[in-house]
Amino acid sequence: MSEEGKEVGLVDAIVPLEELLKVSKQWALDIAARRKPWIRSLHAMDKLGSLSEAHDIIKMARQQAKQTAKNMPQHLACLDVIEEGIIHGGYIGVLKEAKVFKELVASVTSKALVHNFFAQRATAKVPNVTDTGLKPRIAKKVAVIGGGLMGSGIATALILSNIYVVLKEINSEYLLKGIKTVEANIRDLLSRKRLAQDNADKALSMLKGVIDYSEFKDVDLVIEAVIEDVPLKQKIFSEIEKACPPHCILASNTSTIDLNIVGEKTRSQDRIVGAHFFSPAHVMPLLEIVRTEKTSPQAILDLMAVGKTIKKVPVVVGNCTGFAVNRTFFPYSQGAHILVNLGVDVFRIDRLITEFGLPLGPFQLQDLAGYGVAVATTKEFASYFPDRTFHSPLVELLMKNGRNGKNNGKGYYIYKKGSKPKPDPLVLPIVEESRMLTNIMPSGKSIIVTDQEIVEMILFPVVNEACRVLDEGIVIRASDLDVASVLGMSFPSYRGGIIFWADSIGADHVYQSLKKWSQVYGNFYKPSSFLEERALRGIPLSAPASSPSASRSRL
């Protein structure tokens, strides 16, 4: 950057730090003695092209900023300032810069980004864990059980940080497939120049595949990453308790299942913890660490250290169905399915959600995750939260019609290698069949809603569930849920996170909207008692509870 500045004339000389004052003094003396010319950079125009050329460049840059930085004012503001300086001179440009900077600092976007910055750092402080004087133990060898999409991604993340990994599968065929997926992950990083060849070779040398537990005798951590099947997970935990050393942490990557149930048949409750990664595990930055009432502080501290080593942001949460992130965002897809069955266009919903700032709409996200995940998750949540689960037949109808999202190239969208996903009009008759089966459209007609209402009818139920998560003490602080929503669900960072965003638009507006919809569309939209109390009393959702109930807290 400094070399570039010197090349364009903004920097006079590049010197080592210890010589800065000496060289600066000599430059001043040389200018005073007229040995060097006195050039005022603000007035230098020799590097600029014609006004029309500058106008065309800025116009193109504005178009790019609108595409790549939607809803973020600072990029366009910078271009406005540059244009002012080019047209009216450097000094006028600097004055405009100061004025615009003052406005931007006071904006909601700026406050949201600052909040997100400090909130992410606050996650490192966990009461009764990080303040006890305990020292984290280093995990030198980690076992990963399951070589599917998640297991191979977790293994990739570990070996990239020089942690020796034993990847276990049930047979040689599945093991080979898992190892090939890890290798493909590494190749992808190489092709995108995110990894050097020697580092790639070193990473792959840290991986060993096995089909039994013989290599588990000296592991420091086991991460189970098999399918969401309770009996299978219970069997695995009984086996690894016997195969692993007494200090070994027994972790599960389950995204929904209560950890008390997972470890029910073991005697090592203090070592059982959730290590919930987000897909793709070697890319997504969040590690949700789930503790039960029996998990030891040492196990939490050790897993936090692993998370930091593999460049993740660990957020410690309490144990419940779906934990903090998946439970909070379960209503996201539910709300989308309610709207579709009320007659709203699938592709309109996805477009509006991406315009809001999420990278994918709820239906394209289902395509990406695979429909099996959607079915299993809905089943799990329905058993625990039946009062607010909407049973949409749409996913089953898609599967019945030979669709399984990106997995087979056909979902709500058509997927072809080398091209962007395209909405598939052949899905529309399947959507109509779903609407006929649910029969919730008022008088059989599609509801009429604005773009803003669609976004709010999907995201306000998420805020509502976040309020329940706060009320039950699943997270240590509200800002932890903001961090988790940004890093785990790609909620836009410039909106600060799910709770910050709700507070920025007002808890009362969220409450009144949900109350109105619940009267028309049912219990799914019913405001939680936490939201109702905060809205009616004018208290921000992020404010700490005035009298925290120790009995309710999961932490």
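These legends walk through several close-up views of one protein chain.

This is a predicted model, where local features need pLDDT of at least 70, side-chain atom pairs count only at pLDDT 80 or more, and totals for chains, interfaces and linings use all residues. Residues are numbered from 1 along each chain as its sequence is written, and side-chain values use heavy atoms, with hydrogens and water left out.

**View 1. Glutamate 241, a buried charge without a salt bridge.** Look for glutamate 241 in helix 10, residues 230-243. Helices here are DSSP runs of H or I with at least four residues, strands are runs of E with at least two, and both are numbered from the N terminus. Glutamate 241 is buried but has no salt bridge. Buried means under 20% relative accessible area, exposed means over 50%, and partly exposed is in between (1.4 Å probe, protein chains only). A salt bridge needs a side-chain nitrogen of Lys or Arg within 4 Å of a carboxyl oxygen of Asp or Glu. Which side chain of opposite charge is nearest to glutamate 241? That's arginine 271, 4.9 Å away. For charges, Lys and Arg count as positive, Asp and Glu as negative, and His and the chain ends are not counted. What the side chain of glutamate 241 does reach is the backbone nitrogen of arginine 267, at 2.7 Å. Leaving out residues up to four places away in sequence, glutamate 241 touches Leu250, Thr266, Arg267, Ser268 and Arg271, where contact means heavy atoms within 4.5 Å.

**View 2. Isoleucine 349 and the largest nonpolar core.** A nonpolar core is a set of buried Ala, Val, Leu, Ile, Met, Phe, Trp, Tyr and Cys residues joined through side-chain atoms within 4.5 Å. The largest one here has 80 residues, and Ile349, Tyr412, Ile458, Leu481 and Leu541 have the most contacts inside it. Zoom in on isoleucine 349: beyond its neighbours within four places in sequence, its contacts include Val340, Phe363, Ile454 and Ile458. Another core, of 42 residues, lies apart from this one, and Leu158, Leu221, Ile310 and Val316 are among its members. In soluble globular proteins, nonpolar side chains tend to be buried together.

View 3. How many salt bridges does the rule give? The count comes to 23. In one of them, arginine 35 meets aspartate 30, with N and O 2.8 Å apart. Arginine 35 is exposed at 56% relative accessibility, while aspartate 30 is buried at 10%. Another salt bridge joins aspartate 80 and arginine 62, whose closest N and O atoms are 2.8 Å apart. This pair links distant parts of the chain: aspartate 80 sits in helix 4 (residues 73-88) and arginine 62 in helix 3, 18 residues apart. Aspartate 80 is partly exposed, with 32% relative accessibility.

View 4. Glutamate 432 and arginine 435 form a salt bridge, and their closest N and O atoms are 2.7 Å apart. These two residues are separated by about one helical turn because they are 3 residues apart in helix 18 (residues 428-438). Glutamate 432 is partly exposed at 39%, but arginine 435 is buried at 10%. Elsewhere, Arg327, Asp387, Arg388, Glu465, Arg468 and Glu472 are linked in a network of salt bridges.

View 5. Is the peptide bond from serine 279 to proline 280 cis or trans? That bond is cis, with omega near -5°, and proline 280 lies in the loop between strand 6 (272-277) and strand 7 (286-291). Arginine 34 isn't a glycine, yet its phi is positive, near 60°. Find arginine 34 in the loop between helix 2 (20-32) and helix 3, exposed with a relative accessible area of 78%. Asparagine 162 also has a positive phi without being a glycine, at about 65°. Asparagine 162 is in the loop between helix 7 (149-159) and strand 2 (164-168), and counts as partly exposed at 43%.

Note on methods
Polar contact = N/O pair within 3.5 Å; in protein donor to acceptor, adjacent residues only side chain to side chain.
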